[in-house]
Amino acid sequence: MRIDGKGLIDRSKPLSFSFDGKSYRGFAGDTVASALLANEVKLMGRSFKYHRPRGALTAGSEEPNALITVGKGAQQDPNVRATVQELYEGLVTRSQNAWPSLDFDVMAVNDLAAPFLGAGFYYKTFMWPKKFWEAVYEPIIRNAAGLGALGGATNEDDYERAYAYCDLLVIGAGPTGLMAALTAARSGADVILADEDAVMGGRLNAETGKIGHQSGAAWAAEVLAELGAMDNVRLMTRTTVTGAYDGGMYGALERVNHHTGKRGGGAPMETFWRISTKQAILAAGAIERPVAFRNNDRPGIMTASAVRSYLNRWGVSPGKSVTVFGNNDDAHRTALDLSAAGVRVAALIDSRHDAAIEGADFPVYTGAEVCNTGGRKELESITIRTTSGEQSIQTDCLAMSGGWNPTVHLTCHMNGRPTWRPDIQAFVPTEGMIPDMTVAGACNGTFSTHGCLQDGAEAAKTALAALGKKPADVALPEAEDAPYTLSPLWAVAGKGRAWLDFQNDVSVKDVKQAATENFRSVEHMKRYTTQGMATDQGKNSNVGALAVLADATGRGIPETGTTTFRPPYSPVAIAAMGAGAQGKGFAPQRMTTSHKASLRMNAPMIEAGLWYRPSYFPKSGETNWRQSCDREVGYVRNAVGVCDVSTLGKIDIQGPDAAALLDFCYTNMFSTLKEGRVRYGLMLREDGYVLDDGTCARLGENHYVMTTTTAAAGLVMRHLDFVTQCLHPEWQVSFTSVTEQWAQFAVAGPKSRELLNRLLETEIDNESWPFMACGPAKISGVDGRLFRISFSGEHAYEVAVPARYGAALFDLLVERANQMGGGAYGMEALNVLRIEKGFLTHAEIEGRATAFDIGMQGMMSQKKDFIGKTMAARPGLVDEDRPQLVGLKPVGAVKKLTAGAQLYPQGADAVANNLEGHISSVGFSPDVGTFIGMGFLKRGRDRMGEVIRMVDHVRGLETDVEVCNTVFVDQEGERVRG
Amino acid sequence: MLKCATQSLSIKKGSGYVVELKAKTPFEGTLPLTIGQAKLTELDVGHLTSLSPLGDEKAMATALEKAHGMALPKPNRSTGKEGARCIWFGRGEALLMGPAPDASLYKHGAVVDISDAWSVALLEGPAADDVLARLVPADLRDSQFKRGHSIRTQVFHMAASITRLGPEKFMILVFRSMAGTLVHDLKAAMAAVASRG
Amino acid sequence: MRIECPICGSRDRREFYYQGAAVALDRPAPDAGEAAWDSYVHLRENPAGETRDLWHHEGGCGSWLVVTRDTVTHAVHKVELASDVKGAMS
């Protein structure tokens, strides 16, 4: 029911929205909950377990009951709190967890079965028979589980992440936060003020008390206007600070477009902020707690402060005849505000015998309790118990208050525990639990407006002192300073179910049963009953539940303790935390200069680390990749092939100690390498296993260029940083990544020199440019570098030019190769070519292989120390029984090999005990005429010619394979020198 | 200044035909881009030369001052001005941007041509700082990161160098191969910032 | 989490690569014997309290850092350049 003249809503802006298909009207400034209540809709949801009818319990983000689904299809957003969702024109909402309708829910039958569904029901019931678990129980549970559901299609909405920095983060913009922010901002600090609400001001917008001469809301608006005009202040509305982390980092979720209906075009639904601050002030306020009594969950029963919020902020009375029940003075305000606004107050019930209330023009019952309620889908009546017996009162809204719980959550995110304060019967933050955070106002147990304003100013001074800033003099405005008195009231005695956790349907009885069954620890009770495990994470119910547990176990509340508070404070969509990292944002895409040419040639691209490389270049008429691959292998073996090898890591190394560095990092010698020559090198990790391999060229006395594998480029760079900073900082050597400076192409095959000589300014021959020679070369007028190295076993070169010329040179080389009966080759052909020659990739040196395993023990120099030398000599790393690198070819009925297949002796069962090795790489060799492969086989080097079993358990393939030399083509190695 | 975007080279060889290698820029075809209050353009800054002093750093600094008229930048700073700039580029490294390095520099450390290794972009406009706040984990508030400041950090997943050239102007360097991803990431951030109006 | 890089200043943890105990600075001589090498490569303390780690500022200046921090409170007490620490060791 809307109340004239009340509230901060904009009555000049009416809006229409729908709930469960029915259209309603509200105003700008309304939430779905306030607008539904204005339309006298109280039933907003069904509880999780018993499907009991529920309405809004609160008016804020702690709401456990009024969870709705917003939107439809891929964009539908489940479990949205109706108390937080702001209205916009055309908003479509639906209720959840009810079928066929909210009004008539079949699953409400659970409620009748409640005696069998108590705490621990699942644990006790779904135990046996074991085979029923997957077939019967799990499908049933999955079907019944959860509240709202996603649409099932990929959500294309945008989410965003961002960073922010400040001197002071003020969390919460009620009286405390506003005063703190104002003091700090006027003192020149860089301030971020964050508040989860759409309108800052906190309780000031929901109370009738004055600050100075004006209303609390008007004072808040004035302060916000001043703050908003300051360059050193950032106001973040609709922003929930969700977590406190190490080093002054805070996570915060900003709801950017949930209130606008704006979708697409890059407009984010939410932004997840990572805020780095030097100081923080927590001014998160407090949350009013319900009282447990029989049937305290009917729609129309809510917290006393929520009723006040609906009345004062939204101009809505949730009922026509309202009763108020509490154990403290604060609850009296609800009755007084309602009465002053002309709403009928049926009764004020205070559990305290000595409660006093002034100016009440409605019935007051002291020393009384509400012990039951009536009504089916809405509250119709309550039963109260006084010293003179029980009586019934007709009422359609009950405002209840069991006192206030300071919002201590963030202070516990770094493993802290709160402290019990008996005078306010609540937990407050323990000092110093988050470094550089000051806690102030209601979240520290200070409940009067005056106290909050004062606390805020003081907290700002503390923060300013830590920042080394002089606090500006800010006058404290006058405000109410009423004492907060209450007597404990957690659960009203009596029969029936009295609810604690509304969303998860945990009753007082369930908690007591947990204690009876010896789940006495609060953490055990939580898991046994699911208390506090709903989306509100027990914000409304945890303290009440542990008070009941304390009572049941005969301990005090502080001894019982709390469960652990963990981030996030309120739910955060995974989409917000991982924002930007889906699709192309998942990882950078590294493109070579020949990328566009490869696409033009219809090459399927594969990922190699972050790089994209062509698999093969299909020609018309080819029906499968093998035909393309075989043809490309033929280019290199018979004519000339061109392949982009720019992705290999290239590191320019210079300095007087360059040679020393290389001798220390490679197993073999590089100080002896002649200028203008290239050498293959092997690097180990310090534990003796192979790290990487590649070639290294000496360009000058103190100048080398190292190449790494594509995959290990970053790893090797970090390794070199480690060696030169952590082991030998005295060395004068520097290195620079030049991977991206050079576009580098392999030109391989018997006609490679002929091709290059048509483009090189100075022609080369075998004398001027022998195998493993390198040096500067001018190609097509561009200063480049030429290396005579081969990864195919053929007469081959790699030619490098500055990357800007890469695309042009690739096109030119391919065109010339085509004219000579060759052409471009891709990764598939490159792989076959190297397997035919027994050359390695990270399929072989995958982190478990030693130099001994790959047959390169001879490359470990005896003349010097190098990384990994000592540990590589351990007996276990040179044991003859280790799997050793061998060549393999199929000789059984099946002429195929698969990478990853396992090797067993002939005649042995294919079981783990008989395992002797595995296949690391395979390819079809046109030269050999079959698949060939490389693999690791126990004592492999001594078993040449032996026939063993290959079994691929995954692909269901088996064949006999012959152990052979790893070199299948040109075993004498003549061609590279040709 | 060298205009690499349009530069091409041709030579004549003995056999008499002409071969041309046309140069391409890292962002060719993708920039400029303006969304809302932010504009992204490719910068042609000329030569990029990595300078790593070996031994006495002062000797390199003196040679740089003498040859190119600018100091060797301290960590997180840059020197020089448009056309001839030197930015700090990481531990023990500076990046000379603009002129070809003078021969005198080679005596004092490693001097490496990396003109083609990096893509250089300019992000400018009133929304530039908000755009970068979406991608860069470092503190770029103008009170902390002033004109001429230059840091190594990350742009989302990429290693980057960022230099503030003015109140609303940032020079961003990422590896050449990642130019496409830089545009992708910045474009998304620019659109998101612009959507807030 | 943030780390105060001696060169770059206070930076977000995502710019850093974590390696492990700073023991790695103290590489034994080749002939130091099995126990010394076993200890260097494999054996690590797992303290509840102060620990010294090596971090690499890979997304920043490229420095290796020795970070002294508390595994219980997560407080970072000291950050030094590994090259300085190593230089002082010899």
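Tutor: Two residues are in contact if their C-beta atoms, placed from the backbone, lie within 7 Å. This is a predicted model, in which local features need pLDDT of at least 70 and side-chain atom pairs count only at pLDDT 80 or more, while totals for chains, interfaces and linings use all residues. Residues are numbered from 1 along each chain as its sequence is written, and chains are lettered from A and ligands numbered from 1 in the order in which they are written.

Student: How many residues does the contact take from chain C and from chain A?
Tutor: Both chains contribute to the contact, and each side is counted separately. The contact takes 19 residues from chain A and, from chain C, 21 residues.

Student: Which element gives the most to the side of chain C that touches chain A?
Tutor: Helices (H or I, at least four residues) and strands (E, at least two) are DSSP runs, numbered from the N terminus. On that side of chain C, at least two residues each come from helix H1 (34–41), strand E4 (50–56) and helix H2 (82–89). The element that gives the most, with 4 residues, is H2(C).

Student: Why does the span of helix H18 of chain A agree with what it should be?
Tutor: The expected span of a helix is 1.5 Å times one less than its number of residues. Helix H18 covers residues 713–727 of chain A, so its 15 residues should span 21 Å. This agrees with the distance between its end C-alpha atoms, which is 20 Å.

Student: What percentage of the 978 residues in chain A is buried?
Tutor: A residue is buried if 20 or more other C-beta atoms lie within 10 Å of its own, exposed if 12 or fewer, and partly exposed in between, with C-beta atoms placed from the backbone. In H18(A), the buried residues include Val716(A) and Leu720(A). For chain A, the buried share is 56%.
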